[in-house]
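Dear colleague,

I am handing over the structure below, and after it you will find my notes on what turned up in it. Please read them with the coordinates open.

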Amino acid sequence: MDNRVPPRAAGPGPRRRDRHGRGMRGPIAPPQVPLAASRGEVFADLVQDSVDRLERRWPQLAEVDFLVLEVPRLEGAGDAWADEAVPLGGIIPAREGRRARVVVYRRPVEIRTKGREERATLVHEVVVEQVAELLGLTPETVDPRYGED
């Protein structure tokens with residue numbers, strides 16, 4: 001009787017099962033479960049919640065684009081923030097054919113907060129401050145509850 005193991009097929013093929021025969025692992029959670037949302041997606045949702053809250057009071061914000069960027073960019077070598085803190089947000093005024101934009105920087109905001117509630121509060125404050133600057137108003141005028149939290 002020949003107890004030799006038959007040779008493997010030439011070249012690696014796609015694995016159909018893991019070594020224990022249980023099959024390939026699937027995702028930890030289905031896509032519709034909040035666990036599957038990335039940090040960036042959760043942060044963008046916080047910004048959108050804040051914008052929705054402000055648009056009820058200021059309908060002209062429908063003409064403004066709200067963006068989330070990871071970190072602020074340094075435009076030139078001499079633009080370092082030397083003595084300033086890293087910005088949490090910014091505005092880009094409207095120009096010919098382009099709408100005004102409000103930008104919120106995700107990483108600087110996340111670093112300054114510990115939990116979801118604290119992060120939501122800071123995101124809302126940043127959005128209110130940037131909208132106030134864009135509209136030429138005070139933050140308290142844009143949102144009467146600004147600074148109360």
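Please keep in mind that the model is a predicted one. Arg106 lies in helix 2, which covers residues 106-111, and its side chain makes a polar contact of 2.7 Å with the side chain of Glu70. If neighbours within four places in sequence are set aside, the residues in contact with Arg106 are Arg39, Gly40, Phe43, Val68, Leu69 and Glu70.

**Helix 3**

Helix 3 takes in residues 116-135, 20 residues in total, and its first and last C-alpha atoms lie 28 Å apart, which is close to the 28 Å expected at 1.5 Å a residue. Its buried residues include Arg119, His124 and Gln130, along with Leu122, Val123 and Ala132. Among the elements that cover the buried residues of helix 3 are helix 1 (39-55), strand 1 (65-69), strand 2 (89-92), strand 3 (101-105), helix 2 and helix 4 (139-142). After helix 3 comes Gly136, with a positive phi near 75 degrees.

**Pro93**

Pro93 sits in the loop between strand 2 and strand 3, and it counts as exposed because its relative accessibility is 51%, the cut-off being over 50%. Although Pro93 and Val64 are 29 residues apart along the chain, their C-alpha atoms are separated by 9.5 Å.

With kind regards

Conventions: Residues are numbered from 1 along each chain as its sequence is written. This is a predicted model: local features need pLDDT of at least 70, side-chain atom pairs count only at pLDDT 80 or more; totals for chains, interfaces and linings use all residues. Side-chain values use heavy atoms; hydrogens and water are left out. Helices (H or I, at least four residues) and strands (E, at least two) are DSSP runs, numbered from the N terminus. A polar contact is a pair of N or O atoms within 3.5 Å; within protein, one must be able to donate a hydrogen and the other to accept it, and residues adjacent in sequence count only if both atoms are side-chain atoms. Contact means heavy atoms within 4.5 Å. The expected span of a helix is 1.5 Å times one less than its number of residues. Buried means under 20% relative accessible area, exposed over 50%, partly exposed in between (1.4 Å probe, protein chains only).
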